[in-house]
Amino acid sequence: MSDFDLAVRRWREQAMHNAMRRMPPALCSKIGSYMGANVGPKIDPGGDRAVRAVVRLVRPDLEGAAHEAAVHRIWANIGRVFAEFSVLPKLLGRTELVGEDIAREVFSDPRPLIVVYPHLANWEVLGALLCIHPAARDRRKCAIYAPQDDPVRAAIAEQCRAQFPADLIPQGPRIWKQFRERLHEPRGSVFAPVDGTDPVGRRFPLFGRAPDHRGAVGKLIRVAAASGARLLPTYCSRKPGARFTVTVMPPIDVPHGRLGPADTEAQIVRLNEIFEPLVRAGLDDWYMAVEAEVG
């Protein structure tokens, strides 16, 4: 793509974002749903194969039209998430927080903290809501994210995320070093997905696979153990009309110190027991179905 073509595309995408930003959230989300379901599979056939494989694995009872409907719903949610970036601040007033007492207690605790969550519904709402929680005001917060390949959409996403009080750390070669450094800051807090990209192909949730300490979740657990950080499991669920519920669950205290492979894998199983049922139940709203490896 030439510099001119890129500039035109950047202008077009920004204009669309500006227009959607002025829309009622439910309408913006509905447009994204339509685009995701009808355009997404065509422009990302590899992702469509992954979505179909996940549906076959998690819902083997679905066949024919029922299977296609499940695939359609997943792509619709993917489209909603992209569109909802444009109205992200408006979504906070449409989100209920469950587990307020837990959030207040954990954020008030001076120990380092890792907020862990799956890519369910709109996890950006989850991060934004908890970042501005009154009890988290004095914490040093950062959020890990996977940069998009598309430079235009990546710029819009970062522009939207930057509205909230957390430093943004893109995944990359130095991510684990940065992760550790942040947790050693006073009252350090890191927001990290448990089902994000894993360069060594050891995905999470397990979906029947054996745990592997070498994967990204294993590294996250070892960093928590070494730093004395607590894990705070959370998740987001979607309601009709671009409304959400963010649920905060009781914190997990990982054994402090250096964990070996067996102990790390025991903690992976512990996390899987929390998150795999949520992903299975919320499969329609699981964004990472488009990147999952289920073999």
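**Rings, charges and a helix**

Author: Phe179 counts as buried, at 2% relative accessibility. Here buried means under 20% relative accessible area, exposed over 50%, and partly exposed in between (1.4 Å probe, protein chains only). The model is predicted: local features need pLDDT of at least 70, side-chain atom pairs count only at pLDDT 80 or more, and totals for chains, interfaces and linings use all residues. Residues are numbered from 1 along each chain as its sequence is written, and side-chain values use heavy atoms, with hydrogens and water left out.

Start with the rings. Searching the whole structure gives four aromatic pairs. Trp176 and Phe179 form a stacked pair, because their ring centres are 5.5 Å apart and their planes lie at 15°. Rings of Phe, Tyr and Trp (its six-membered ring) pair if their centres lie within 6.5 Å; planes under 30 degrees apart are stacked, over 60 edge-to-face, the rest tilted. Both residues sit in helix α9, three residues apart, about one turn of the helix. Helices (H or I, at least four residues) and strands (E, at least two) are DSSP runs, numbered from the N terminus. Trp176 is partly exposed, at 22% relative accessibility.

Phe207 and Trp286 make an edge-to-face pair, 5.8 Å centre to centre with 75° between the planes. Phe207 is in the loop between β5 (188-193) and α10, and Trp286 is in the segment after α11, so this pair ties together parts 79 residues apart in sequence. Phe207 and Trp286 are both buried. Elsewhere, ring pairs link a cluster of Phe82, Trp123 and Tyr287.

Back to helix α9, now for charge. Lys177 and Glu181 meet through their side chains in a salt bridge, 2.4 Å from N to O. A salt bridge is a side-chain nitrogen of Lys or Arg within 4 Å of a carboxyl oxygen of Asp or Glu. The two residues both lie in α9 (residues 175-183), four apart, about one turn of the helix. Lys177 is partly exposed at 40% relative accessibility. Glu181 is partly exposed too, at 39%.

The whole structure holds 18 salt bridges. One of them joins the side chains of Arg52 and Glu68, at 2.6 Å from N to O. Arg52 belongs to helix α3 (residues 45-58) and Glu68 to helix α4 (residues 64-84), so the pair ties together parts 16 residues apart in sequence. Arg52 is partly exposed, with a relative accessible area of 22%. Glu68 is partly exposed as well, at 39%.

Asp212 and Arg214 also form a salt bridge, 2.8 Å from N to O. Arg214 is partly exposed, at 45% relative accessibility. Shared partners join Glu105, Asp109, Arg111, Arg230 and Asp253 into one salt-bridge network.

Last, helix α11. Its 21 residues (261-281) should span 30 Å at 1.5 Å a residue, and its end C-alpha atoms are 30 Å apart, which agrees. The expected span is 1.5 Å times one less than the number of residues. Helix α11 bends by about 35° at Asn272. That bend is the angle between axes fitted to the seven residues ending there and the seven starting there. Asn272 is among the buried residues of α11, which also include Ile268, Leu271 and Phe275. The buried residues pack against β2 (113-117), α10 (216-227), β6 (230-239) and β8 (252-253). Contact here means heavy atoms within 4.5 Å.
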